[in-house]
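Subject: A structure for you to explore

Hi there,

Here is the structure I promised to pass on to you. Please open it next to this email and follow along as you read.

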Amino acid sequence: MSDPAVDGIPCLWMRGGSSKGAYFLASDMPSDPAARDALLLSIMGSPDPRQIDGIGGADPLTSKVAILSPASRPDADVDYLFLQVFVDQALVSDAQGCGNILAGVGPAALERGLLAAQGAETPVRIHMLNTGEVALARVQTPGGRVRYDGTASIDGVPGTHAPIPLMFQNIAGSMCGSLLPSGNAVDVFDGIACTLIDNGMPCIIMDAADFGLTGTESREYLDADTALKARLESIRLQAGPMMNLGDVSDKSVPKMTLVSAPTQGGVINTRSFIPHRCHASIGVFAAVSVATACTLPDSPAARVATMPSDGKFRIEHPTGAAEVLIDMDATGTVIGAGTLRTARKLFDGRVFSGQ
């Protein structure tokens with residue numbers, strides 16, 4: 001492998017959903033995970049609150065990495081490993097997936113020649129290495145090239161772009177082993193009713209009112225509430241082992257999600273912590289988990305949700321809403337979920353490490 005400080009590494013910098021990240025080919029990265037993580041910390045400029053010496057954007061939403069490789073299973077077209085590069089810690093985590101960065105995987109795989117375009121729209125089956133599941137993305141490819149412009153809009157992203165539908169199946173228990181890893185729809189920690197749920201993303205769902213909050217507070221207000229964050233962390237540490245995640249003190253999961261009644265015509269309103277900073281929006285898989293929690297009678301989510309009649313769950317967050325499509329069987333059990341995302345190629349070139 002060439003010297004990344006001198007020769008650089010091929011890198012696609014892309015917006016995926018409401019996040020931004022660096023997309024690499026596994027063949028261009030060190031095979032040793034420790035060496036890879038050290039390289040990524042240097043590239044992103046972590047640990048530093050400003051990430052001033054790297055390409056990270058000083059926010060968890062803009063300090064993300066996708067590593068792509070040829071598919072390792074016959075029912076997929078590409079393998080995708082998501083890595084969260086912490087901003088102010090020397091930590092790179094593969095403990096979760098990312099549905100926003102996932103939106104850019106299909107376009108990036110086509111841009112890098114991992115598969116060929118198939119007419120005006122190319123289906124891309126993505127093996128998500130973090131969870132072991134396969135997602136189906138549909139990428140517009142008129143003339144054999146990825147199209148990024150279009151008429152689809154998603155909250156948290158200005159303007160309109162080409163739609164990228166994402167569909168998921170068999171994601172229940174993706175990291176925890178089952179949809180409700182404790183076996184209960186409601187567990188109580190420190191006097192707070194919680195739903196421990198994993199339908200693509202391990203989340204702990206709690207009613208904001210149980211913390212004396214309206215649920216409409218700003219990110220800045222919540223981030224400054226150290227007493228609230230201490231209470232959330234106490235619950236998170238207790239719930240981690242019950243969710244089959246072990247000691248989560250150094251993990252980015254489970255996500256702590258406060259819910260309240262919708263205010264903008266959606267199904268439910270959210271304030272998510274990832275895990276210690278309030279999210280500007282909500283991750284795709286976290287939105288799926290929250291939407292699923294709304295279907296569970298007596299859960300904190302169900303008691304504040306306004307259920308839709310068309311299966312479209314608009315999950316409100318600080319900068320808008322994420323739309324989740326829920327497919328339920330005759331018994332009311334969630335059997336599949338999907339969402340609409342967009343992506344855009346921002347630059348394609350070489351990135352240099354400081355090592």
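Is aspartate 207 buried or exposed? Aspartate 207 is buried, because its relative accessible area is 8%. Here, buried means under 20% relative accessible area, exposed means over 50%, and partly exposed is in between (1.4 Å probe, protein chains only).

Before we go on, a word about the model. It is a predicted one, where local features need pLDDT of at least 70 and side-chain atom pairs count only at pLDDT 80 or more, while totals for chains, interfaces and linings use all residues. Residues are numbered from 1 along each chain as its sequence is written, and side-chain values use heavy atoms, with hydrogens and water left out.

**Salt bridges**

The structure holds 13 salt bridges; a salt bridge is a side-chain nitrogen of Lys or Arg within 4 Å of a carboxyl oxygen of Asp or Glu. In one of them, aspartate 207 meets the side chain of arginine 303 at 3.0 Å, N to O. This pair links distant parts of the chain, 96 residues apart: aspartate 207 is in strand β11 (residues 202-207), and arginine 303 is in the loop between α6 and β14 (312-317). The helices (H or I, at least four residues) and strands (E, at least two) are DSSP runs, numbered from the N terminus.

Arginine 303 also forms a salt bridge with aspartate 210, at 2.7 Å, N to O. Aspartate 210 sits in the loop between β11 and α4 (219-223), so this pair ties together parts that are 93 residues apart in sequence. Salt bridges that share partners join Asp207, Asp210 and Arg303 into one network. Arginine 303 counts as partly exposed, with 45% relative accessibility, and aspartate 210 is also partly exposed, at 31%.

Elsewhere, arginine 36 and aspartate 37 form a salt bridge of 3.0 Å, N to O, and both residues are buried.

**A buried arginine**

Which strand holds arginine 271? The answer is β13 (residues 268-273). Arginine 271 is buried yet has no salt bridge, and the nearest side chain of opposite charge, glutamate 217, is 5.8 Å away. For charges, Lys and Arg count as positive and Asp and Glu as negative; His and the chain ends are not counted. A polar atom of the arginine 271 side chain does lie 2.7 Å from the backbone oxygen of glutamate 217.

**Cores and helix α6**

A nonpolar core is a set of buried Ala, Val, Leu, Ile, Met, Phe, Trp, Tyr and Cys residues joined through side-chain atoms within 4.5 Å. The largest one has 83 residues, and Tyr80, Leu102, Met206 and Ile268 touch the most other members. Helix α6 (residues 284-294) gives this core its largest share, 9 residues. Apart from it lies another core of 18 residues, including Cys11, Met44, Leu81 and Val351. In α6, 11 of the 11 residues are buried, so the helix is largely enclosed by the rest of the structure.

**Strands that pair**

Now look at strand β16 (residues 334-341), where 6 of the 8 residues are buried, so this strand too is largely enclosed by the rest of the structure. Two strands pair if DSSP finds at least two bridges between them. Strand β8 (residues 164-169) pairs with β16 in the antiparallel sense over 6 bridges, and phenylalanine 168 stands opposite alanine 337 in β16. Strand β15 (residues 320-328) runs antiparallel to β16, joined by 5 bridges. The hairpin of β15 and β16 has 5 residues between the strands, and in it glycine 332 takes a positive phi near 85°.

In a regular strand the side chains alternate between the two faces of the sheet. In β8, Ile164, Leu166 and Phe168 make up a covered face, and Pro165, Met167 and Gln169 an uncovered one. Strand β7 (residues 133-140) pairs with β8 in the antiparallel sense over 3 bridges.

Serine 63 lies in the loop between α1 (33-44) and β3 (64-70) and counts as buried, at 0% relative accessibility. A polar atom of the serine 63 side chain lies 2.7 Å from the backbone oxygen of valine 85.

Leucine 237, in helix α5 (residues 226-242), is partly exposed, with a relative accessible area of 38%. Leucine 237 is in contact (heavy atoms within 4.5 Å) with Asp247, Val248 and Ser249, leaving aside neighbours within four places in sequence.

Enjoy looking around!

Best wishes

Conventions:
Polar contact = N/O pair within 3.5 Å; in protein donor to acceptor, adjacent residues only side chain to side chain.
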